[in-house]
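Please keep the sequence and the structure in view while reading.

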Amino acid sequence: MIIEIPDTTTGEINKRLVDSRKEGGVITLARVMTLVIDATDADAEQAIATANVASREHPCRIIVIAPGSAEEARLDAEIRVGGDAGASEVIVLRPSGAQIGHDDTLVTPLLLPDAPIVVWWPAGVPDDMAECSLGRMAQRRITDTKGEPDPVATLLSLAQCYRPGDTDLAWTRLTRWRALLAVALEQVPDPQVTRARIHGDTNSPSILLLGAWLKRALGCEVEAEYDDSVAALQSIVLETPSGQISISRPDRYNARITQPGQPDHVIALPARSLEEALAEELRRLDSDEVYGEALASFTAETVVPL
């Protein structure tokens, strides 16, 4: 059910939200958090659809800031409940005119009481997300640097203003790769890595973050081969005195693992969807210290292009 509320106030939105539960017989689920989505520079409908899927695992109130269409100062809104909101209740705010730029004032009256706040920017990384109006109220702040025109400059900017609670979905997409690498290294007689080689898509912030993590954790040189014809991370090769450790995923579904002294084996490693990546980040409300360390160690020379 979608309820359109043109030219409204946050007080009226709260009242209509309560009324919609009574009139529609909607059962209120235990909301574990408030997810605020700044869709100013993103496709709002796609962001809502992604959050709805993620909310099936993490029931929450979703508040979306989206561009308004009016010329005068006003606030248009929508309330989505039931089948149009997954396991959540969605409030879409569309400020226009002088209402733009007051996101915290609009969002604060709609927050769930005594519940954690997570802010997600699906596109458009803020200059300092911990100090912007929405970021200051959040325990967790999620960006997605995939698609940024200059990922090196973006990551350097994020590193400069990093605060505990920040994370990036480009990092989240590496979780399974990092786990596989850690397990593979434990099974090598001499795990000293002398060089790492990464192959994947051009302008990938995930490759840059992976390189920073490998260089910090292993103290090795990192080289990257970029490929315009692929859409994700393809392979990682670690060179050790015992031989090469290789994880290759050319089809985006299955990975072949090669280790010294062991037969090759294939495991399922499907490319992660945006919904899966967001759901993973919503599982944790503590700081991702490993991400912070990898980001802090990133420099423009961290990954050497082949």
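## Aromatic cluster and its surroundings

Y162, W171 and Y291 form one aromatic cluster. The model is predicted, so that local features need pLDDT of at least 70 and side-chain atom pairs count only at pLDDT 80 or more, while totals for chains, interfaces and linings use all residues. Residues are numbered from 1 along each chain as its sequence is written, and side-chain values use heavy atoms, with hydrogens and water left out.

A search of the whole structure gives 2 aromatic pairs, where rings of Phe, Tyr and Trp (its six-membered ring) pair if their centres lie within 6.5 Å, and planes under 30 degrees apart count as stacked, over 60 as edge-to-face and the rest as tilted.

| Pair | Centre distance | Plane angle | Class |
|---|---|---|---|
| Y162 and Y291 | 6.1 Å | 65° | edge-to-face |
| W171 and Y291 | 5.9 Å | 55° | tilted |

Y162 sits in the loop between α4 (151-160) and β8, and Y291 in helix α9, 129 residues apart; helices (H or I, at least four residues) and strands (E, at least two) are DSSP runs, numbered from the N terminus. W171 belongs to helix α5 (residues 169-172), so its pair with Y291 in helix α9 ties together parts that are 120 residues apart in sequence. Y291 has 0% relative accessibility and counts as buried, and W171 is likewise buried at 1%, the term meaning under 20% relative accessible area, with exposed over 50% and partly exposed in between (1.4 Å probe, protein chains only).

Helix α9 (residues 289-296) packs against helix α7 (residues 205-218) at an angle of about 95°, with the axes 8 Å apart. This makes α7 roughly perpendicular to α9, a class that covers 65 to 115 degrees, whereas angles under 35 count as roughly parallel, over 145 as roughly antiparallel and the rest as oblique. Axes are lines fitted to C-alpha atoms, for helices over the stretch in contact, and angles run from 0 to 180 degrees between N-to-C directions. L209, A212, W213 and R216 in α7 meet V290, Y291, E293, A294 and L295 in α9, contact meaning heavy atoms within 4.5 Å.

The open sheet has 8 strands with mixed pairing, in the order β1-β4-β5-β3-β2-β6-β7-β8, where two strands pair if DSSP finds at least two bridges between them. Its edge strands are β1 (2-5) and β8 (166-168). Strand β7 (residues 140-143) runs parallel to β8 and is joined to that strand by 3 bridges.
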